[in-house]
Amino acid sequence: MKRQNLKVLSACAGIMCATLCLNACGANAGNNPNTFILENPASGKTQEQEITETDIVVSDTNSDITVTIKAPDDVELTTEDGTLYYTITCSYPVVFINGNEAAAEKINADILSRVDAFNTGVNIQAETAKEDFEYMLDDGVQPPMPYSSDLSFTVTRADDNVIAFTENSYEYMGGAHGMPGTTGINYNTKTGELITFTELSDNPDAFRADTLAYNQALAQTEYYNMQLFNTDDITNGTLEQVLYADGMWYLSTSGLVFMSPPYALAPYSSGTLEFTIPYGDLKGMGFKEAYTYTADNL
């Protein structure tokens with residue numbers, strides 16, 4: 001881990017670590033649970049790779065799609081006396097689609113735009129963190145734990161139809177706890193374009209109504225009832241406003257997943273609440289076959 005006492009210009013992009021990608025089956029190699037069979041898309045050769053804490057492995061990909069996670073060294077900023085006041089952690093995916101480089105370039109450009117936005121925020125937060133800690137040190141106050149900003153992406157699906165991620169952020173700027181954030185990102189594998197919610201069905205209004213009714217029924221089950229601030233939010237429009245906001249859904253290998261961030265419908269302790277509609281149930285709601293996940297997609 002590197003320590004840097006300078007302004008952050010790019011906490012994430014452009015620095016890469018060695019990463020590898022799982023082959024199509026994602027099976028463990030032999031009887032060793034700490035190794036995986038990995039495939040190099042350039043040579044087509046496979047090898048057994050030891051999994052360590054720094055390796056990031058992507059599963060559920062086929063031979064034409066490789067998702068490599070790039071993770072620069074963490075950045076640690078210190079005051080002149082060596083007090084650590086701000087840490088930055090970032091990792092992001094780079095997509096390779098064999099035979100469709102144009103789509104991959106669109107996806108990667110969009111991901112890097114998100115990394116750039118993170119870096120812009122990091123520069124602002126770093127200045128704030130430095131000012132706060134220097135003020136406390138000048139007053140003889142012991143500073144709290146260092147402030148931090150973190151960005152990562154989780155692959156939720158990668159096949160011939162859809163490549164989807166969740167963009168995960170966490171920011172701590174003092175107080176009892178930091179604030180997490182999750183955004184769903186869904187790309188059309190063939191075009192590289194972002195998939196909008198209205199594109200999921202030929203009848204968007206009916207599809208939204210059907211999925212909302214499903215989510216409302218799900219929210220009335222015991223698990224969600226125990227989490228929610230107020231069960232009235234299920235039918236008074238609040239649940240719909242939260243779950244159908246931009247970026248609050250993604251496509252996984254299980255189905256269409258809607259998200260509620262902390263404090264929106266439930267307390268911080270509940271984390272990000274997820275409401276999943278399986279593909280089997282989506283079929284009867286007019287969900288486009290092109291976006292359905294099956295083993296045939298791999």
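Predicted model: local features only at pLDDT ≥ 70, side-chain atom pairs only at ≥ 80, totals over all residues.
A salt bridge here is a side-chain nitrogen of Lys or Arg within 4 Å of a carboxyl oxygen of Asp or Glu.

Select Glu167 and Arg114 to begin. Their closest N and O atoms are 3.4 Å apart, and the two residues form a salt bridge. The pair links distant parts of the chain: Glu167 sits in strand E8 (residues 162–172) and Arg114 in helix H1, 53 residues apart. Glu167 has a relative accessible area of 15%, which is under 20%, so this residue counts as buried.

Salt bridges with shared partners join Asp110, Arg114 and Glu167 into one network.

Stay with helix H1 and select Lys106, then Glu193. These two form a salt bridge, with 3.0 Å between the closest N and O atoms. Lys106 belongs to helix H1 (residues 101–138), while Glu193 lies in the loop between strand E9 (179–188) and helix H2 (204–219), so the pair ties together parts that are 87 residues apart in sequence. Glu193 is partly exposed at 42% relative accessibility; Lys106 is also partly exposed, with a relative accessible area of 42%.

Next, follow the loop between E9 and H2 to Asp202, and select Lys288 with it. Their salt bridge has its closest N and O atoms 3.8 Å apart. Lys288 is in the segment after helix H5 (279–282), and the pair links parts of the chain 86 residues apart. Are the two partners buried or exposed? Asp202 is exposed, with a relative accessible area of 70%, whereas Lys288 is partly exposed at 26%.

Notes. Residues numbered from 1 in each chain as written. Heavy atoms only, no water. Helix = DSSP H or I, 4+ residues; strand = E, 2+ residues; numbered from the N terminus. Buried < 20%, exposed > 50% of the residue type's maximum accessible area, 1.4 Å probe, protein only.
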